[in-house]
Amino acid sequence: MLFSKVAIESIAYALPEEVWTSADVEAKLAGVYERLRLPEGRLELMTGIRERRFWPKGTPASVASAKAGEAVLAKSSFGRESMDLLIHSAVCRDRLEPATASYVHGLLGLSGGTQIFDVSNACLGFLNAMVVAASMIECGQIERALICSGENGRPLVENTLAQLQNPELTRKTIKPYFANLTIGAGAVAAVLCRKDLAPGPRPCLRAAVVETDTSHNQLCQGDSAGDALEMLTDSEELLVAGIGVARRAWARFTDATGWTAETPDRVITHQVGKAHTRELFNALGLDLAKDFTTFETLGNVGSVSCPITLARAMEDGAYRPGQKAALLGIGSGLSSLMLALDWPES
């Protein structure tokens, strides 16, 4: 998938105020840790995640998504009435029907001429939505698109903490629940547009490639459990399978772009934790010095993780005009979606 007409006109995010440190999470499991003789500090030591944030109880995905939408509209040179398309792209949603995008549309006060729908694909949702919107811009169907994602891992984490109190759990059977404790909450939004409409140089989407292997779709599965959420993950097998899919995606990516491992000035990945990052960079032959991370303070925020890390990198000057960036996404299912960004100086 090659693009020549699409720019990221603006990108912004919103974060909850409530912070849970990894020590806070472990304190809620003190009895479990004592019974199973697990060392304190294990969660942060294994993942590198010091803290994560959560929205207040009962916060719908649409409200979180709209917070980021308002933030990006405040930065954008375009008015809300000019948006041709709105995509809500989170794992979290308000309900099965209608689309969560309909609630976000109402909260943002977008026009009646705005097409709306949801895109859901685990942690890849936002990147998938970028490709969909970019394709519509590239072929002339639309000129501007607003992509939003609002994730809230609080119900999953709270339900996991309750499930882990089960006295029948062992050190072995507790493993599938561990990844849940890395989940956080946040929201991100971006305005994509036809690049000649952007007020000055903006990061441009140049290419996107995908590699999918659904033989591994059982390694990370989440579902509703009444009013709660639950997820079981085989973290070790998921890491191995994810790296394999990413290797094949990277081969496609370098063929499509002509890039090598040395080409991107900045590499931004889905934020799972330090072990996944290290293994991914080693497997693809990338320089770890080009990495930019947010998992230490945000945890794994699902579809929000990769784009919010891009937003923070731009905010911090770690990705700036004159540079190229590779967005490397991996989502349970399994799929890997990789995007090439080129930010011209003028």
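This is a predicted model: local features need pLDDT of at least 70, side-chain atom pairs count only at pLDDT 80 or more; totals for chains, interfaces and linings use all residues.

Biologist: How many salt bridges does a search of the whole structure find?

Modeller: The search gives 10 salt bridges.

Biologist: Start with Glu70. Which residue does Glu70 form a salt bridge with?

Modeller: Glu70 pairs with Arg80, and their closest N and O atoms are 3.0 Å apart. Glu70 sits in helix H4 (residues 61-75) and Arg80 in the loop between H4 and strand E4 (85-88), so the bridge ties together parts that are 10 residues apart in sequence.

Biologist: And how accessible is Glu70?

Modeller: Glu70 is partly exposed, at a relative accessible area of 33%. Arg80 is also partly exposed, with 30%.

Biologist: Next, Glu211. What does the side chain of Glu211 meet in a salt bridge?

Modeller: The partner is Arg252, at 2.6 Å from N to O. Glu211 belongs to strand E8 (residues 204-212) and Arg252 to helix H9 (residues 235-257), so this pair links parts that are 41 residues apart in sequence.

Biologist: Is Glu211 buried or exposed?

Modeller: Glu211 counts as buried, since its relative accessibility is 11% and the cut-off for buried is under 20%. Arg252 is partly exposed, at 45%.

Biologist: Which residues do salt bridges that share partners join into one network?

Modeller: That network is made up of Glu143, Arg144, Arg194 and Asp196. Within it, Arg194 forms a salt bridge with Asp196, and the closest N and O atoms are 2.7 Å apart.

Biologist: What's the accessibility of Asp196?

Modeller: Asp196 has 54% relative accessibility and counts as exposed. Arg194 is partly exposed, with a relative accessible area of 26%.

Biologist: Change of topic: strand E11. Which residues are on each side of E11?

Modeller: E11 covers residues 266-269, with Arg266 and Ile268 on one side and Val267 and Thr269 on the other. All four are buried, so both faces of the strand are covered.

Biologist: What strand is E11 joined to, and do they run parallel or antiparallel?

Modeller: E11 is joined to strand E12 (residues 324-331) by 4 bridges, and the two run parallel.

Biologist: Which residue in E12 stands opposite Val267?

Modeller: Ala326 is the one opposite Val267. Val267 itself is among the buried residues of E11.

Notes: Residues are numbered from 1 along each chain as its sequence is written. Side-chain values use heavy atoms; hydrogens and water are left out. A salt bridge is a side-chain nitrogen of Lys or Arg within 4 Å of a carboxyl oxygen of Asp or Glu. Buried means under 20% relative accessible area, exposed over 50%, partly exposed in between (1.4 Å probe, protein chains only). Two strands pair if DSSP finds at least two bridges between them.
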